[in-house]
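User: I have a structure to go through before I set anything up. Can you walk me through it?

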Protein chains: 2
Amino acid sequence: MSEFDLIRRHFSALGPARSDVLLGVGDDCALLDLPAGQSLAVSIDTFAAGSHFFPDCDPAHVGHKALAVGLSDLAAMGADPAWSTLALTLPSADEDWVRAFGRGFAALSHAHGIRLVGGDTTRGPLSVTVQVHGFVPAGEAIRRGGARPGDLIFVSGTLGDAGLALRRMRDGAAVEPELRMRLECPEPRVALGQGLRGIASAMIDLSDGLAGDLGHILQASGVGAEVDLARLPLNAMVASAVADSGDWSLPLASGDDYELCFCIPPAHVDALHRLAGRLEYPLSAIGSIRAGSGLLWHLPSGDILDIQRTGFDHFPDRS
Amino acid sequence: MSEFDLIRRHFSALGPARSDVLLGVGDDCALLDLPAGQSLAVSIDTFAAGSHFFPDCDPAHVGHKALAVGLSDLAAMGADPAWSTLALTLPSADEDWVRAFGRGFAALSHAHGIRLVGGDTTRGPLSVTVQVHGFVPAGEAIRRGGARPGDLIFVSGTLGDAGLALRRMRDGAAVEPELRMRLECPEPRVALGQGLRGIASAMIDLSDGLAGDLGHILQASGVGAEVDLARLPLNAMVASAVADSGDWSLPLASGDDYELCFCIPPAHVDALHRLAGRLEYPLSAIGSIRAGSGLLWHLPSGDILDIQRTGFDHFPDRS
């Protein structure tokens, strides 16, 4: 058995068996059945050492996050996760690394009932590309373009935790374990995304930072918004960093939050509260959609903040 | 508009519009409709500079081949191509390279009616990952495991052309343009694969070389085979290289043929001949399936050839 076969063995059966997988890893293609009345939602993302994770990152965390990023995209459409494919590029056939990577990938696959159905392994600089596939009832996907004036804007969880972890790691400072987990092992908000079908008018996942990602909703919907920064959900460490520096870029533009940002018509607020009671993380109303364009940020002082409305762009190096 | 936006613009609409694409590039996920009664066939492949193509290769050819490799996998299942996704990793935002890459990718997309529905662009060492998605009527996919004793073994086109081109390029020798095109711009045998639904008992595409790939059919089917090397379809240059050296590895194990190898029950030979008349490339009967296991290669001299039954393994460097 070649080194390549050894690696392939790790990836022939990750995640739970599913009856809609007619043929998984091991033929020219995987063969899959989509349930009647459902649309297929797909998203592909590359996750590269140096750009998206530190090369010495725990490989189990790399495996977790490479899948989590895609699951967060499925959540942002309100989709039910189903299948994944994985293209792994490795500098060498490092079995320990591959085993740990597979462990992280498999654990998150089982948590969400998703099955790895196809893959490719290539020699080269460390990089992981994952495609996720999910189902959403026909006509019920939650797009970016449905926000209307008067809708309330919500975000899940807390913002800026991953950004603060990354800042500390770059500075060579100690990182609190819970912050590091928020950066390396984000929990995709799948149950929230599914629960928001029929409730939210627009949704996006926060991968690049609230400023840029909310901007995508506004652009796609042809609307503007105002956001009250005093209502941003911040944990104590991020709140303290913002207070010390007066710099809001950590919760607004540092990226990697993997929370959901969504818009709720006033008539659906009660339904949202019922959903919120079933979740283990908070949902926070941070502002509202208004007619026109532009994004106004109200500072706690009452002033209007003027920040550049850009999110994380993959081309400037992050590392 | 950032460099990243410029690149993204090239990939927002490659290939023809399709009514089954509810939402293409530009939201968290693409949304797709699968026709009733069809299964979904998917395959993902990475195509990396240095391992799979020379870094100075014409980027239009890189774009063509990155998609062709996936279309060849769809062909090998008998599937109808529908959609693609693309994860592109680039060392810099080189607009000329990206434009030419997109041109090659788009031309092949149009030729097969396939639409790019999602993508990701990352900074890093040059590498392309493509996932293809196709349809196949329920129960009609052609797998590797269906070969039965007495079936005839066929291959399309000619074997070893790409291998000879690669050998000459590595040696710094001149390469005949038609050989170079076979290496850099393979034509996936999509119409053949579709036409073989209901006719072939097993099929695989030749990406790693006939020896290894036919071996996969035999292993999956639990059968053996004999192949008559005098019947291998070779163009004059490959035939001459084999005759000069006595080395059959070029047509048997050099990879990158992207032809189809398939098995035909004797009762279906007439149907195959009717199909062959509609194709622009030859189909050649090269041997037959037999009970048991193992692969016997009959030399033109009448001797039995003993070669190692291994194909191209991505881990040993190719460049």
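User: Fine. What sort of model is it?

Analyst: It is a predicted model.

User: What rotation superposes chain B on chain A?

Analyst: A rotation of 180°, with 0.0 Å of shift along its axis, and the RMSD is 0.0 Å. The two copies are thus related as by a two-fold rotation axis.

User: And how much of the contact surface of chain B recurs in chain A?

Analyst: 100% of the contact residues of chain B recur in chain A, so the same surface serves both copies.

User: How many helices and strands in chain A?

Analyst: Chain A has 10 helices and 13 strands. Its radius of gyration is 20 Å, close to the 20 Å that the globule rule gives for 319 residues, so chain A is as compact as a globular protein of that length.

User: What does the C-alpha trace of chain A span?

Analyst: About 65 × 50 × 35 Å along its principal axes.

User: What share of chain A is buried?

Analyst: Buried residues are 61% of the 319 in chain A. The accessible surface of the chain is about 11700 Å², and carbon and sulfur atoms account for 50% of that.

User: What about contacts in chain A between residues at least 6 apart in sequence?

Analyst: Of those, 85% join residues at least 24 apart.

User: Switching to strands. What does E3 of chain A pair with?

Analyst: Within chain A, E3 (residues 38-48) pairs antiparallel with strand E6 (residues 127-137) over 11 bridges.

User: Is E3(A) mostly covered or mostly open?

Analyst: Mostly covered: 10 of the 11 residues of E3(A) are buried.

User: Now chain B. What is the strand order in the open sheet of 7 strands?

Analyst: The order is E8-E10-E7-E11-E9-E12-E13, and the pairing is mixed. The edge strands are E8 and E13 (304-305), each of which pairs on one side only.

User: In which sense do E9 and E12 of chain B pair?

Analyst: Parallel, over 4 bridges, with E9 covering residues 224-228 and E12 covering residues 295-298. B:Asp228 has B:His298 in E12(B) as its bridge partner.

User: What does B:Ala202 touch, leaving out residues up to four places away in sequence?

Analyst: B:Ala202 touches B:Ile142, B:Arg143, B:Arg144, B:Gly146, B:Ala147, B:Ile217, B:Cys261, B:Phe262 and B:Cys263. One of these, B:Ile217, is a buried residue of helix H7(B).

User: How far is B:Ala202 from B:Gly15?

Analyst: They are 30 Å apart in space, C-alpha to C-alpha, and 187 residues apart in sequence.

User: You mentioned H7. What is its reach in chain B?

Analyst: H7(B) is residues 210-221, and its 12 residues reach 16 Å from first C-alpha to last, close to the 16 Å expected at 1.5 Å a residue.

User: How many of the H7(B) residues are buried?

Analyst: 9 of the 12, which leaves the helix mostly covered. Among them are B:Leu210, B:Asp213, B:Leu214, B:Leu218 and B:Ser221.

User: What follows H7(B)?

Analyst: B:Gly222, whose phi is positive, near 70°.

User: What is the phi of A:Asp256?

Analyst: About 65°, so positive, although A:Asp256 is not a glycine, and the residue counts as buried at 5% relative accessibility.

User: Where is A:Asp256 placed?

Analyst: In the loop between helix H9 (249-253) and strand E10 (260-264) of chain A. A:Tyr258 is also placed in the loop between H9 and E10.

User: And the phi of A:Tyr258?

Analyst: Positive too, at about 50°, and A:Tyr258 is not a glycine either. A:Tyr258 counts as buried, at 8% relative accessibility.

Technical notes. Residues numbered from 1 in each chain as written. Chains lettered and ligands numbered in written order. Predicted model: local features only at pLDDT ≥ 70, side-chain atom pairs only at ≥ 80, totals over all residues. Heavy atoms only, no water. Least-squares fit on C-alpha atoms with pLDDT ≥ 70 in both. Contact = heavy atoms within 4.5 Å. Helix = DSSP H or I, 4+ residues; strand = E, 2+ residues; numbered from the N terminus. Expected span 1.5 Å × (residues − 1). Buried < 20%, exposed > 50% of the residue type's maximum accessible area, 1.4 Å probe, protein only. Pairing = 2+ DSSP bridges. Rg over C-alpha atoms; globule rule 2.2 N^0.38 Å. Areas by Shrake-Rupley, 256 points an atom, 1.4 Å probe, with all protein chains shown as cover.
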